[in-house]
Every structure is written in C-alpha cells, then in structure tokens.
Amino acid sequence: MSTLLIRNAECIATFDDQRTELRHASIYIRDHRIEAIGADADMPPSADEIIDARGHLVVPGLVNTHHHMYQSLTRAIPGVQDAELFSWLRGLYPIWAGLTPEMVQVSTQLAMAELLLSGCTTSSDHLYIYPNGVRLDDSIEAARQIGMRFVATRGSMSVGKSQGGLPPDSVVEKEDAILKDTQRLIETFHDKAHGAMVNVAVAPCSPFSVSRDLMRESAVLARQFGVRLHTHLAENDHDIAYSREKFNCTPTEYAQDLGWLGHDVWHAHCVKLDAKGIALFAKTRTGVAHCPCSNMRLASGIAPIRKMIDAGVPVGLGVDGSASNDGAHMVNEARQALLLARVGRALEPFGCDHGPSEMTARNALEVATRGGAEVLGRPDIGHLAPGMCADLALFDLRTLGFAGGAVHDPVASLLLCASPNSAWTIVNGRVVVREGQLATVDLGPLVERHNRLAVQLAAGAR
C-alpha cells in the first residue's frame, strides 16, 4: 500500500457538501483514496511521498464532460477558422476521413496531456468517426498510458448525405455494426467499481448524423448494461431548424420521444434549450455539458447556464473538440464560463437581475468539479473528502499570474487572474504532473510526433 501526504497547503477548497475551505491544512492519501483532510498536526508524520504544498491552492481534480480529442490534429485549419457549426463540419469531415489508429492514439494522449497540465483529472471523449481501422480501444490505451481517468464514449454516425444527413457517406457506419461494437466495448472495458479508471458510454453523434432507430436502440442497449448515454443537442440555430424540418419537433421533444432524457443521460451544448426544455431536463435530471469556448468560437450562442442550474439541471463543463476551441485548458474553460454567464445575462432583453453575480468564481469551479462528476455519474470524484478518489490539483499561488490576487482570495483568484497550469496533478493517488511537468509521458517527442501526423492528415485530404 502506498501513501502520499500533501502537507501544509495555503488553502484547500474541498467543494464538499459544506463547501469547506481550509487554510494551512494537509491531505493524507492511502493508495487511491483520500484518508484524511485537516490540520498538519493531525496527519500521520510520514508517508511514502510528501509534497510540500506551502503557497499552493488545492482543489478537486477538474472534470471535463465533453471533448473530441482527435480534433487536436486539425486545430486552426484554414478554410474553417471563421465558419459556423454545419459549414465547419462539412469542411472537416473529408480531412477526418483520413484518421488512422496511430493518429487517434497520439492525439488522445496530446489532448490528455493538455488537460492534466491544467488540473483536469477526469475526461470524457466523444469519438464518433472510425475510418481506416480506428477503434475506441486506441483512445482507451492512450488514457491508460498517460494516467487519466477516462469516460470513453462510443460515438457513431449512420446517416450520410445521401440519406439527408450532414456527413459524407464515406464516414458513416452500418447501424448493426455500431451496436455490436458498442456492446463489445462495454463488456470489455466498462468498470462499475468505485474509483474506476475507465467507463464506457453510448454516444450516437447528433440528430443530423444518426437515425431515430439508432437513437432508440442505443438507449435500450445502454440501459441493458447500466451505462450512460451522450450526444449533441440544440447546439445552434441550424441544429434547431434541422430538427423541426426532419422530425417536426424541438430537440428536447426529439430526445424525449427516443428515451434520451433521464439521470443517465447528458447532452453537449444545449445552447438553444428553451424554457420547456430546461424544465423537462430538470424534472428528469438530464445533464448538460457546457462548452463556452466552442460555443463562442463557432458563434453558436450563449447557453442559459444560470437558468439551468437554478432550475435543477445537472451542469458540467466541457472543452469540446480541439478544432473548435482550439485548446483544452480546463481552468481557462471555467473562467470563460464565468465571464460568458455574466455578459450573456447583460445581453438579455430588458437587462439583467443579477449582473456580475450571475456566476461567481466558486459557482464556476463547482460546475467544473462537482457538476462534472454528477453529469458523468461519478459520486466518487468531484470533491475532496475522506473516502473519495484521490484526484486533485495544486496551483502555485506564488507565481506571477496570482500576484496581488491570491493574497486576498486564493480560490477566486484561480479564475479571476490569468489561467495557470497546475504545479501538481494527482489522479487516483498517482502523481501525473510533478512541479509543472508531465510525469507519465515524455511530452517533447509526443508533440513532435503529433505535429508530424497533423501535417500528414491535412495533406491527405488535398
């Protein structure tokens, strides 16, 4: 059994049920779980490893509820830099058709490295395109090597352009093959235990790329095996128009009709969720992955996150794909959620009721930690308390970006000051970022290999 002592932190923001914040406190970890939090004098005097946390803020590991990690290969691609969602996708589908298993594995590790360095310890990923022998197994192996807690979603597209869908026919799959492979992945990799490092979820891509039959059958399959459901919903005006034209209903009505509401479901974006949709999501405890940077990048709009939270909708944070963000820095994503909620309220008709207090720094951090854990169905992560998984991030408050802020409020300064990288990131009791450096994978060769593959992928589409 291994032990780890995080000693004498400047501040520990637990985000537990009481939202406890401790000054000059310590955390004792045994194997994969937190054993004790409190005054240093109350901790065991020794451990296999001791981290001197003086001058550091400790927070729960951040939780990323929506990503497309392969897209890190197509950041800042010319031709789609100024496009909205549908034209952006049409421009990128032909490039993504050239993905290989190596590209998926390398891009997944690069995306996870970026997340880990920003204090994120758990991430989902929505891989919905499987050309040239690509399998979700490639992403799962990448996560195992780098040490990230992973919710791998088996995405899919089955309705191509010839059938009225958005993607070209060359990148869609047969529905029976999709369901068969999804069941294989659940049976092979999904772990229901406390502290599981890999979960599998069922994730047809979107209303404009899969059939109603696949949505229904996916929901049946997921509930048969007790796993979660994920898809994109109500992302922008074109998304709404597609649902009305093809299905004669709103996206929320579409989801309700197909069995895609419930505590075991989370939808990405929901920028255009109306009042009835919010009420139905709240009643059924259906989750939302809020992706502020991507929604701004593609000009999709401002999701009504405060209204969702106030109504009781579970809301987590997502960086979305690296080609629509174009980064994966979870602290920065939380900062953007904070700022966008405030400006979004001010843009509403007749002004606002809350103003700058529409979203506080602690509100946004709660969405990025506890909120994400709830959305992913993980009661064992998202806050710090004895018995919880030992997932946490340490930020050095003595650095330039915190100057003049951390001395007043170390917790709020994490989002109100410049977005920092973590000094230490710990996943399941294992140090994966040590003194600001990735400890599990050699980052230099990974970036070099990734860039080489990115050039190869783009060149292959010309």
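A word on conventions comes before the tour. Residues are numbered from 1 along each chain as its sequence is written, and side-chain values use heavy atoms, with hydrogens and water left out. Because the model is predicted, local features need pLDDT of at least 70 and side-chain atom pairs count only at pLDDT 80 or more, while totals for chains, interfaces and linings use all residues.

Let's begin with the empty space. Rolling a probe the size of a water molecule over the atoms shows where empty space is left. Here the search runs on a 1 Å grid over the protein atoms alone: a cavity is a set of points where a 1.4 Å probe fits but cannot get out, a pocket is an open set with protein on both sides within 12 Å along at least five of seven lines, and lining residues have an atom within 4 Å of a point. Grid points are joined across faces, edges and corners, and a volume is the space filled by probe spheres set on the points.

The largest pocket holds about 390 Å³ of space. Its lining counts 18 residues, and Val 315, Glu 366, Arg 370, Gly 371 and Glu 374 lie nearest the centre. Helices (DSSP runs of H or I, at least four residues) and strands (runs of E, at least two) are numbered from the N terminus. Helix α12 (361-375) gives the largest share of this lining, 7 residues, and α10 (305-311) also supplies at least two. The lining has 8 nonpolar, 4 polar and 6 charged residues, where Ala, Val, Leu, Ile, Met, Phe, Trp, Tyr, Cys and Pro count as nonpolar, Asp, Glu, Lys and Arg as charged, and the others, Gly among them, as polar.

The second largest pocket has a volume of about 310 Å³. It is lined by 21 residues, with His 190, Asn 199, Arg 228, Leu 376 and Gly 377 nearest its centre. Strand β9 (residues 198-204) provides the largest share, 3 residues.

The largest cavity has about 120 Å³ of space, and of its 16 lining residues, His 68, Leu 85, Leu 89, Tyr 128 and His 232 are closest to the centre. Helix α1 contributes the largest share of that lining, 4 residues. The second largest cavity, of about 40 Å³, has Pro 60, Gly 61, Asp 380 and Cys 389 among its lining residues.

Helix α1 also holds Tyr 93. This tyrosine is buried, with a relative accessible area of 1% (buried means under 20%, exposed over 50%, partly exposed in between, with a 1.4 Å probe and protein chains only). Leaving aside residues up to four places away in sequence, Tyr 93 touches Met 157, Leu 166, Pro 167, Pro 168, Val 171 and Phe 208, contact being heavy atoms within 4.5 Å. Leu 166 is 73 residues from Tyr 93 in sequence, yet their C-alpha atoms are 9.5 Å apart.

Our last stop is helix α6 (residues 237-247), whose buried residues are Asp 239, Ile 240, Tyr 242, Ser 243 and Phe 247. Seen down the axis of α6, they fall within an arc of 160 degrees, so they line one face of the helix; the arc is that of the directions from the helix axis to the C-beta atoms. These buried residues pack against α1 (85-96), α5 (212-225), β10 (229-233) and α7 (251-257). After α6 comes Asn 248, with a positive phi near 55 degrees.
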